[in-house]
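Let's go through a structure together, one feature at a time. Ask whatever you like, and we'll take the general idea before the case.

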Amino acid sequence: MDVSDEDDDEGFVSRFNDDVEDEEAEGFSFYDDVVEEEEEEGFASDFYKAGSDWSCLVTPETKKMKQADLLQIWGLQKISPVTKKKTKQTDLFQIWGLQKPSPSTSTSPASSSSSSARKTTTSLRKRLRNSPLTNDTPRQCPFYKKLPGTPFTVDAFRYGCVQGCSAYFLTHFHADHYMGLTKAWSHGPIYCSSLTSRLLRLSLSVNPSFIHPLELDVEYTINGIKVTLIEANHCPGAALIHFRLLDGTCYLHTGDFRACKQMQTHPLLFNQRVHVLYLDTTYCNPRYKFPSKEDVLSYVVRITKEFLRKQPRTLIVVGSYSIGKECVYLAIAKALGIKIFANASRRRILQSFGWDDISKNLCTDGKATCLHVLPMSSLRVERLEEHLKAYREQYGAVLAFRPTGWTYSEKIGEHLDLIKPIVKGKITIYGVPYSEHSSFTELREFVQFLRPDKIIPTVNISNAGSREKMQSCFREWLRR
């Protein structure tokens, strides 16, 4: 196989892991939605009534947020204190309902054949599919994924057929949001942006008869409710979803987004009341005050040019997810006037966007350009050394960029020149704080602009302490 067109890690495990890293790098957790599921008139009802003041959810005895038994929610047997003391790490397989791996499968000798490795991988996949914690196992849909007064859910596909739901909305094509969508989906119509709809067909083979693409900034009437998608400034195809009910109540669901000034000029948000805001709270912590996207892109281009002046035979690598981070390698390509190499699978996805500035700059031969796009998981020294070996006749070094908000440091702040790269031999890796989620300050400005009646956080909510901290932030923001 020609190394320039090799589909690196595009099998089941790698596609799964790449999407997992996609969201983990930006604050995602597969089980972050495991929040207390009590009776409909219990926690969920109280949560909606509370708005930004959650004091009614605090028990007078403990002064802490109500917290249900997560083991019960997951359908697992509660471990007694005596058993807990005796439980070994490997006993978790028994607790989760998995078969305990034998020594032969858990530690394979260096001389084991590839067929043996494939058998082990197949066995692992089966155990994952059969696990009660797997995403394929339907669980009760959390209340905050349902829109009160509507038959709608948002990003709730992993729960299978949700009772009372006649329309399923998808904010964008990232794994934690579309998880549960497969070619076998038959539970109801899926509403999403046009770009996301193309990705559903291309990457997941979802039956087109269930997909209903919506254009941005066009008002649609679905089950009598006015629905409009707004650009989310996240990954390609990501959208905020604005719902206007028959009684005039307005919901805004941000999905994942990066708030910006342009959103404040949108006709549906400028001087318009939003009653309930479903907010992406990935970075709802005062320590996260990212530099702007534009500043980070300028920095990446400058570092690249300086590096090439010193070492002209340098291979430039940008880490990316299945979708997202396109602006980083596009900025380099435009500044240097060079093409972008990506494997066949990524090229198919990028070409599905219908963006001329990407399509016309894609390259099928890795030897024809010094700018390569690799999965974020490949931005490790050993992986980059292997990649460099395939091009050693042309290049003598690698300059790589890992663009994610988690590389942000309070000490560096907006002073990007203070970033210290990882340097080992011929490999140099820069972690740059390029995030496609809102920083803490951007969240605060967005909330103070909208001034909603209620705020429902959608990320980092499985922990009562985390919810209490966010509640405190919301109250402070809305006082001003």
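Q: Which residue in β9 is the bridge partner of Tyr-251?

A: First, the ground rules. This is a predicted model, where local features need pLDDT of at least 70, side-chain atom pairs count only at pLDDT 80 or more, and totals for chains, interfaces and linings use all residues. Residues are numbered from 1 along each chain as its sequence is written, and side-chain values use heavy atoms, with hydrogens and water left out. Helices (H or I, at least four residues) and strands (E, at least two) are DSSP runs, numbered from the N terminus. Now the general idea: strands of a sheet pair through backbone hydrogen bonds, either parallel or antiparallel. Two strands count as paired if DSSP finds at least two bridges between them. Here, Tyr-251 has Val-276 of β9 as its bridge partner. The strands involved are β8 (residues 250-253) and β9, which run parallel and are joined by three bridges.

Q: And how many bridges pair β9 with β17?

A: Four, again in the parallel sense; β17 covers residues 454-457. Two pairs you can look up: Leu-277 has Ile-455 in β17 as its bridge partner, and Leu-279 stands opposite Pro-457 in β17.

Q: In what order do the strands of that open sheet come?

A: The order is β5-β6-β7-β8-β9-β17, six strands with mixed pairing. β5 (220-222) and β17 are the edge strands, each pairing on one side only. From one strand to the next, the twist averages 20°. For angles, axes are lines fitted to C-alpha atoms, for helices over the stretch in contact, and values run from 0 to 180 degrees between N-to-C directions.

Q: Which strands does helix α15 touch when it packs on the sheet?

A: Helix α15 (residues 440-450) touches β8, β9 and β17, and its direction makes about 165° with that of β9. Contact means heavy atoms within 4.5 Å.

Q: Are the residues on the two faces of β9 buried or exposed?

A: General idea: in a regular strand the side chains alternate between the two faces of the sheet. Buried means under 20% relative accessible area, exposed over 50%, and partly exposed in between (1.4 Å probe, protein chains only). In β9 (residues 276-279), Val-276 and Tyr-278 on one side and Leu-277 and Leu-279 on the other are all buried, which leaves both faces covered.

Q: How about a helix: which residues of α14 are buried?

A: An α-helix has 3.6 residues a turn, so residues three or four places apart point the same way. In α14 (residues 381-389), the buried ones are Val-381, Leu-384, His-387 and Leu-388. Looking down the axis of α14, these buried residues fall within an arc of 120°, so they line one face of the helix. The arc is that of the directions from the helix axis to the C-beta atoms. Their cover includes β10 (314-320), β13 (371-375), β14 (397-403), β15 (422-424) and β16 (427-432).

Q: Where does Ser-439 lie, and which residues does Ser-439 touch?

A: Ser-439 lies in the loop between β16 and α15. Its relative accessible area is 0%, so Ser-439 counts as buried. Not counting residues up to four places away in sequence, Ser-439 touches Tyr-283, Tyr-288, Lys-289 and Phe-290.

Q: I'd also check the backbone angles. What is the phi of Lys-325?

A: Most residues other than glycine have a negative phi, and most peptide bonds are trans. Lys-325 isn't a glycine, yet its phi is positive, about 75°. You'll find Lys-325 in the loop between β10 and α11 (326-336), and at 0% relative accessibility Lys-325 is buried. Asn-223 also has a positive phi, near 55°. Asn-223 sits in the loop between β5 and β6 (225-231) and is partly exposed, at 48% relative accessibility.

Q: What pLDDT does the protein average?

A: pLDDT is the predictor's confidence in each residue, from 0 to 100. The protein averages 80, and 69% of the residues score at least 70. Over residues 1-31 the pLDDT is below 50, though this stretch has 87 contacts in the model beyond near neighbours in sequence. Residues 128-135 also stay under 50, with 16 contacts beyond four places in sequence. Where pLDDT is low, the predicted coordinates should not be read in detail.
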